[in-house]
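Welcome, and please open the model in your viewer.

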Amino acid sequence: MSGRWADAFARVPTLLAAHVELCLAALVLAILVSVPLSIWASRSERVAGVVLTIASIVQTIPTLALLALFYPLLLALRSVTGDWLTPLGFLPALMALTLYALLPIIRNSVTGITGVAPAMTEAADGVGMTPWQKLRWVEAPLAAPTIMAGIRTAAVWTIGIATLATTVGQTSLGDLIFAGLQTQNFTLVLAGCIASAGLALVTDQLLGLIQRGIAQRSRWKIWLALGLIAAGLLAALAPRLIPSGDDRPIVTVGAKAFTEQYILARVVGIQLERAGYRVEYKEGLGSGVVFKALTTGSVDAYVDYAGTIWANEMNREKPIPRDAMRDAIAKWVAETYGIKLVGALGFENAYAIAVRQKEADGGLRTLDDLARRSPGLNFGADLDFLERPEWAQLKAAYPIRFASLRSYDPTFMYAALASGQVDAISAFTSDGRIAKENFVTLEDPKGVLPNYDAILMVAPEYADDARFIAALQPLIGAINVDLMRRANYMVDRDEDKATPEEAARWLLAQTGIEE
C-alpha cells in the first residue's frame, strides 16, 4: 500500500468509531420512537395517515438542510436551557439521522402488523387473549421479518447519510470525503467512501441474517448475527473505549471548507501541540457556523477574515482602513462574545472577481467593465458568496446582471472558469490557482469589497490562557500572501500534491517558526 493510501486509511479507525457511535445512537433512538408509533398507527387508519405523512415529509427535506436547520434551533434552545446543550456536533447530527430513519421502520412495522392474517388475530381473540398478549404472541412474531426489513433499510440509509454530519462539526467518515474534495486528494475521498460503503454492506448482511433467522425460526442465525454485530461494535468503538493514556488537555481547531483553511487549521494545531495540547479538528464548516462555534466553545481557535466578520457578523456595509477595521473587530468580538482576536497572520485573502486572460485582454479589466458585459456572461461563485452581504453590496454598487449564476465547491469553481463553463468567478486572492491558470482579478474602482486580512481568533475559554495565546503568538504577522499562495498550490495542484499537514509544516518552516 502506498504512503498516500496508508496515510488515508490510518485515519479510518478513529473516524469509524465516531461514525458507528453516531449511527448506532440514531438507529436505536429511531427504533424506540418508531415501534410504539407503529403499534398505535396499526390500530387506527387516521393515526397511520398522520404518522406516515409526517415521516414522509421529513424524508423529502434534503439532508444538508435538515442538519443546518437543527443548528439555529439548538442555538435558540441553548439560550433557554444553558450551555450544556451543544448546537454543533453530535446532537444535531443525531436528531437529523433519527428523523431520517423513522420512515422505513414505521412503514414496514405498520405493514407487518396490519398484514397479519385475520384468521390468526380472530383465533387469538377467540381464545381470550388480551390486546397485549395478542401483540406479543401473535402479531409481533408474524410481523417481525417485515419490521426487520425496515430496520435494515434504515441502518443502511443512516450509515450513508451520516457522512454529511461533518458539515455540522460531527466527526464521521465524511471528514475524509469532504477533506479530499476540498484539497483534490481523491485518495482520501475513496478511503472515506470505501469505509462507509463497507460498513453499510456488512451491517446490511448481518441484519439480513437476523431477518432470515426470524423468518425461518432459526435461532443460531440470529445469535450468530448478534454475536458478530457485538464483536464488530466492540472493534469499531475500541479507539473510544480504550483509554489513550494521553492526559494532555484537548482543544478543538475549526476550519471552513476550502484548502487554505485546512492548511491554516494544521498550522494552528501544530503550534498548540508543541505547547502541550492535544488537538482535534472540526473542518468543512460554513462561515457563520464556525464563528458561532467559536462563540459557544465548540471550537477553541480558528482563522477567519476581517471582511467576513465585518460584513457577515457585524453587518457593516462601508469598508474602513484595514488597521481601523481590525481594531473595531477586536473590540466588538471581545465585548460581544468574550472572544480574543490574537492578531493578523500577515496576508490578505480577499474576495475578487476573476476572469480568463483572453477576456482581460479584450478589455475586461474592472468591475465597471464587467457590469456592462454581464448580461452576456455566466458567473460562478463558491457556495457562500451569493448569499453573503458582499454580493448584495457589489450588485448595488455596480449594475451587474449576469445571464446565469452557478454555485460551486471552491475546488471546482476554478476548473469551471478554466473550462469555459462560466466567464467569471468569485476568486480568493491568495489561491495559487489564479497565477497557475493565468486568471486576472478585476479592479474594484468603487472600493466596495472590504479587506480580508487573515485574523486568528480564540474562544472565550482560552482568551486569558497565557500558554494558549503564547503558542499562537509567533504566527502573528509571519505569513505573507506569497507564502500562502505557494502553500495552497502545494495542495491544490494535480501532481506531486502535498497534504494540508505537509503544507502547514512547510509554511511553518518557511516562516522560521518550525525548524
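How close do the axes of helix 8 and helix 18 come, and at what angle do they cross? Select residues 174-183 for helix 8 together with helix 18: their axes come within 6 Å and cross at roughly 30°. Axes here are lines fitted to C-alpha atoms, for helices over the stretch in contact, and angles run from 0 to 180 degrees between N-to-C directions. Helix 8 and helix 18 are therefore roughly parallel to each other; angles under 35 degrees count as roughly parallel, over 145 as roughly antiparallel, 65 to 115 as roughly perpendicular and the rest as oblique.

Before going on, a word on what you are looking at. This is a predicted model, in which local features need pLDDT of at least 70 and side-chain atom pairs count only at pLDDT 80 or more, while totals for chains, interfaces and linings use all residues. Residues are numbered from 1 along each chain as its sequence is written, and side-chain values use heavy atoms, with hydrogens and water left out.

Leu181, Gln182 and Thr183 of helix 8 make the contact with Pro410, Thr411 and Phe412 of helix 18, contact meaning heavy atoms within 4.5 Å. By class, the residues of this contact are three nonpolar, three polar and no charged. Ala, Val, Leu, Ile, Met, Phe, Trp, Tyr, Cys and Pro count as nonpolar, Asp, Glu, Lys and Arg as charged, and the others, Gly among them, as polar.

**The whole chain**

Zoom out for a moment. The chain has 22 helices and 10 strands; helices (H or I, at least four residues) and strands (E, at least two) are DSSP runs, numbered from the N terminus. Its C-alpha trace spans about 90 × 55 × 50 Å along the principal axes. Of the 515 residues, 52% are buried, where buried means under 20% relative accessible area, exposed over 50%, and partly exposed in between (1.4 Å probe, protein chains only). Among contacts with a separation of 6 or more, 75% are between residues 24 or more positions apart.

Five strands form an open sheet with mixed pairing, in the order 7-6-8-5-9; two strands pair if DSSP finds at least two bridges between them. At the edges are strand 7 (404-408) and strand 9 (440-441), each pairing on one side only. Helix 18 (residues 410-419) packs on this sheet, where it touches strand 5 (351-355), strand 6, strand 7 and strand 8 (424-428). The direction of helix 18 makes about 135° with that of strand 8.

Step across the sheet from strand 7. Strand 6 (residues 378-382) pairs with strand 7 in the parallel sense over five bridges, and glycine 380 stands opposite arginine 406 in strand 7. Strand 6 also runs parallel to strand 8, joined by two bridges; here glycine 380 stands opposite isoleucine 425. Strand 8 and strand 5 pair in the antiparallel sense over four bridges, with tyrosine 351 opposite phenylalanine 428.

Is strand 8 buried or exposed? Five of its five residues are buried, so strand 8 is largely enclosed by the rest of the structure. Ala424, Ser426 and Phe428 point one way, while Ile425 and Ala427 point the other way. In a regular strand the side chains alternate between the two faces of the sheet.

Select helix 2 (residues 12-43) and helix 10 (residues 219-241), whose axes come within 8 Å and cross at roughly 115°. The contact includes Leu16, Val20 and Leu24 of helix 2 and Leu233, Ala236 and Leu237 of helix 10. In this contact there are 10 nonpolar, no polar and two charged residues.

Then pick helix 4 (residues 63-81) and helix 12 (residues 287-296): they pack at an angle of about 20°, with axes 12 Å apart. That makes helix 4 roughly parallel to helix 12. Tyr71, Leu75 and Arg78 of helix 4 meet Gly288, Val289, Lys292, Ala293 and Thr296 of helix 12. These residues divide into four nonpolar, two polar and two charged.

**Last stop: tryptophan 157**

Finish in helix 7 (residues 131-161), where you will find tryptophan 157. Tryptophan 157 is partly exposed, with a relative accessible area of 35%. Leaving aside residues up to four places away in sequence, tryptophan 157 touches Gln59, Tyr100 and Pro104.
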